[in-house]
Number of protein chains: 2
Amino acid sequence: MKKVFLSEDEMPRQWYNILADIKLNPPLGPNGKPIGPEDLAPVFPMNLIEQEVSTDRWIDIPEAVLDVYRIWRPSPLVRAVSMEKALKTPARIYFKNESVSPPGSHKPNTAVPQVYYNKVFGIKKMTTETGAGQWGSALSFACSQFGMECKVFMVRVSFDQKPYRKAMMEAWGGQCVASPSMETKAGRDALERDPETPGSLGIAISEAVEAAVSDTTGQTRYSLGSVLNHVMLHQTVIGLEARKQMEKIGEYPDVIIGCAGGGSNFAGLAFPFVVDKINGKQIDIYPVEPAACPTLTRAPFVYDHGDTARYTPLLAMHSLGHAFVPPPFHAGGLRYHGMAPTVSQLAVEGIITPRSVQQIEAYDAGIAFARTEGIIPAPETTHALACVVEEALKAREEGKEKVILFCWSGHGLLDFGAYEKYFTGKLQNFELSDDEICNSSKMFKDFPKPAILKSH
Amino acid sequence: MKKVFLSEDEMPRQWYNILADIKLNPPLGPNGKPIGPEDLAPVFPMNLIEQEVSTDRWIDIPEAVLDVYRIWRPSPLVRAVSMEKALKTPARIYFKNESVSPPGSHKPNTAVPQVYYNKVFGIKKMTTETGAGQWGSALSFACSQFGMECKVFMVRVSFDQKPYRKAMMEAWGGQCVASPSMETKAGRDALERDPETPGSLGIAISEAVEAAVSDTTGQTRYSLGSVLNHVMLHQTVIGLEARKQMEKIGEYPDVIIGCAGGGSNFAGLAFPFVVDKINGKQIDIYPVEPAACPTLTRAPFVYDHGDTARYTPLLAMHSLGHAFVPPPFHAGGLRYHGMAPTVSQLAVEGIITPRSVQQIEAYDAGIAFARTEGIIPAPETTHALACVVEEALKAREEGKEKVILFCWSGHGLLDFGAYEKYFTGKLQNFELSDDEICNSSKMFKDFPKPAILKSH
């Protein structure tokens, strides 16, 4: 048996909300005071804002969302038997295969409910940014399911590296432009500062927020694919399914691994298990980030903006600075300067243990998995895979029958440009110097400092 | 309920062999006489040749093949509820989703057993041709599963249109060159005739066969992704699963549809139902081909070679001529000059009813499905989709609750170049004139004529 399936009837009917179990520093407005729901109203619909601040442990998944989830969910839990053999490890390796969704990643888990709640609220058009293109594709897909318009600002460097992402979004009726663009003030300012800029998620977020709030009809809202509490909430469907699937075969994870850019696929898999760890269970939980954008592993825990133009509130998170532009490594989904406040808080409390890997090491692991398990991973996913390989080899050294569970966040079928570079030896590693990290901290030196909270 | 799953335990343990139920004209050698198994031995391993000529109705699927099938099989049967609603049809539309395999199509259903049988026979390296790239990717994937070398000759026009297919094959350790290449006599001859040739499947087959038989160590064999009897045999796992899945929900198809290039995904879905039709059941069975390469719908039933350089035996099939080069439409997998002898025979006997569609009509249907069912189809699959739309609308006109079953042969995630042309209005239709069809028949005027056999 390689795959453990759930029937559509066994799909979770509620998301798990970690805000019931941990404390967070509140988001702050321009005046340094905590913001209220009404401050976010120009950007998000009120029903999603309510979810963002809710501390209810369980939140119902609407029937219309379940109905779209059923296109690809429940996703399979797969035992990586061939890779175990190749690594000669006593560890049993399982992954939740989130690459089976139509856009090819975990992103539609939140795109679908976000579009649904906007639609219910009377919104007609969604705007967003995208890095690797996974998120923009997911939102376009979700908008096509609910008959909504979709406008995507795609970070220039990825737009150029992955020309087919635009066509993918168009296939679902979405519109995609390279960011910075001339369509927004934030974009024009960025181009004026540097006409050759590769762009960044921070700039693209500014553009998408501006495009939403400047629609005077009030029928456009912005959507964010990671970082925020309601995004993490929606993604917990991954871990809730995984729990059920592991129970079916009498397994429980000793190690949980997910790649982390803004934190959403990691959180989706890990959060439903975090609560067990808080209650005393021994689990090693590793978010894995790229060494070239080491938010959790090297950046401080601070209040910072989510975007470059500083349109967003201040969030308490690990951050490399809102204007930070990472070196041009290929995992576009891991290029964000910050990290989800919930994930950051768990790192601060020592409940999860951040790690980082270099891109060549990540691709090595990706190819090893492709040639054993068959699936070609997204560049983001390869970072988790590198960590899985390391843990499996450690289990071999220790002679331990560990159970490793990780999230296969997406496939790499639109990322062959990067694979070509890897095969021809043109891929390089990037390491940030301490000075670079230190310099970027100037961006938040005047902001308030978050409290060091202990949830337990 | 959108998806009907089978557990891995419910996966078929045997393939269905249609040669138990229909008669075929034998393949002929250069002397015009039927060939024996030994004549094929330089090209294929003997265990596969035995399968090619077997008339046993059921053939066991080896355990090692089942084990690789389990990476993605059983594939889901999906009810296209959203598309039904969009078309306001009383028809219930089901599809077998073969795009869920790692290479993204039905092709590994036969690539895996072919590589397995070669491995068992002591072969170390496989050669093949590929059009769209689906088949070359599938063989590379299968070779990576069994630790075999893989060399793929890819038709130049597709090689240029789809640069990422090469990287995909490399991800699984395969080697891919554009055809015609300078590596074979067949390739060099083709380039001498026309240095600017877009290539053809016929030429690429010649190259791959030559590369196999010219390996003096005897450790290389050729593999064909369609047309031959054993390929159709392996693909029947699609239809056998579909039968079980439909039984589970108390359904039986009134209409069966598959796109047809060489015929393999169509045959895989349809053959396990054909036997019911032979026994009197009323089913409409439609292979759908592109109007620009109308093998079944406009070409004669003749003896012809499977390749341009005439290395292969003469096969009794519908053929546009072994040197036919179709106009540059985008469904690379449907560009073959011939059609599987088994599929051709069923057409000759009137058991199946060939149809053809134009490429723009096909993409229209493809986009309509992408925006309802979510999955972006391969250009080949869109031809089936156009026929599904037509049948669903016919059911609406007639007010009939028909059950339509079709094969979603692959996804289009490596075909966005073609989608981009479609979105920008640069895609055109092609129609062959009667003169063109007539001229190409000169290629087989001196060959023997097949008998018109009646199986029943």
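Q: Helices (H or I, at least four residues) and strands (E, at least two) are DSSP runs, numbered from the N terminus. Which strand holds V152(A)?

A: V152(A) belongs to strand 7 of chain A, which covers residues 149-155. This is a predicted model, in which local features need pLDDT of at least 70 and side-chain atom pairs count only at pLDDT 80 or more, while totals for chains, interfaces and linings use all residues. Residues are numbered from 1 along each chain as its sequence is written, chains are lettered from A and ligands numbered from 1 in the order in which they are written, and side-chain values use heavy atoms, with hydrogens and water left out.

Q: Is V152(A) buried or exposed?

A: Its relative accessibility is 0%, so V152(A) counts as buried. Buried means under 20% relative accessible area, exposed means over 50%, and partly exposed lies in between, using a 1.4 Å probe and protein chains only.

Q: What does V152(A) touch, leaving aside neighbours within four places in sequence?

A: Its contacts (heavy atoms within 4.5 Å) include T128(A), E129(A), M169(A) and C176(A). As for G133(A), 19 residues separate it from V152(A) in sequence, and their C-alpha atoms are 9.2 Å apart.

Q: Changing topic: which residues touch the most other members of the largest nonpolar core?

A: They are Y69(A) and Y69(B), in a core of 102 residues. A nonpolar core is a set of buried Ala, Val, Leu, Ile, Met, Phe, Trp, Tyr and Cys residues joined through side-chain atoms within 4.5 Å.

Q: And what is around Y69(A)?

A: Not counting residues up to four places away in sequence, Y69(A) touches several residues, among them M11(A), W15(A), P108(A), H234(A) and V237(A).

Q: How are chain A and chain B related?

A: A rotation of 180°, with 0.0 Å of shift along its axis, superposes chain A on chain B with an RMSD of 0.0 Å. That is the relation of a two-fold axis.

Q: What about helix 12 of chain A: where does it bend?

A: The bend is about 45°, at F271(A), and a proline, P272(A), follows within four residues. A bend at a residue is the angle between axes fitted to the seven residues ending there and the seven starting there.

Q: How far apart are the end C-alpha atoms of helix 12?

A: They are 20 Å apart, which agrees with the 21 Å that its 15 residues (264-278) should span. The expected span is 1.5 Å times one less than the number of residues. Helix 12 is also largely enclosed by the rest of the structure, because 14 of its 15 residues are buried. Just after this helix, G280(A) takes a positive phi of about 110°.

Q: How many salt bridges are there over all chains?

A: The count is 53, where a salt bridge is a side-chain nitrogen of Lys or Arg within 4 Å of a carboxyl oxygen of Asp or Glu. One of them joins D67(B) to R70(B), with the closest N and O atoms 3.2 Å apart. D67(B) is partly exposed at 32% relative accessible area, whereas R70(B), at 10%, counts as buried. Through shared partners, salt bridges join K2(A), K3(A), E8(B), E63(B), D67(B) and R70(B) into one network.

Definitions and conventions
Least-squares fit on C-alpha atoms with pLDDT ≥ 70 in both.
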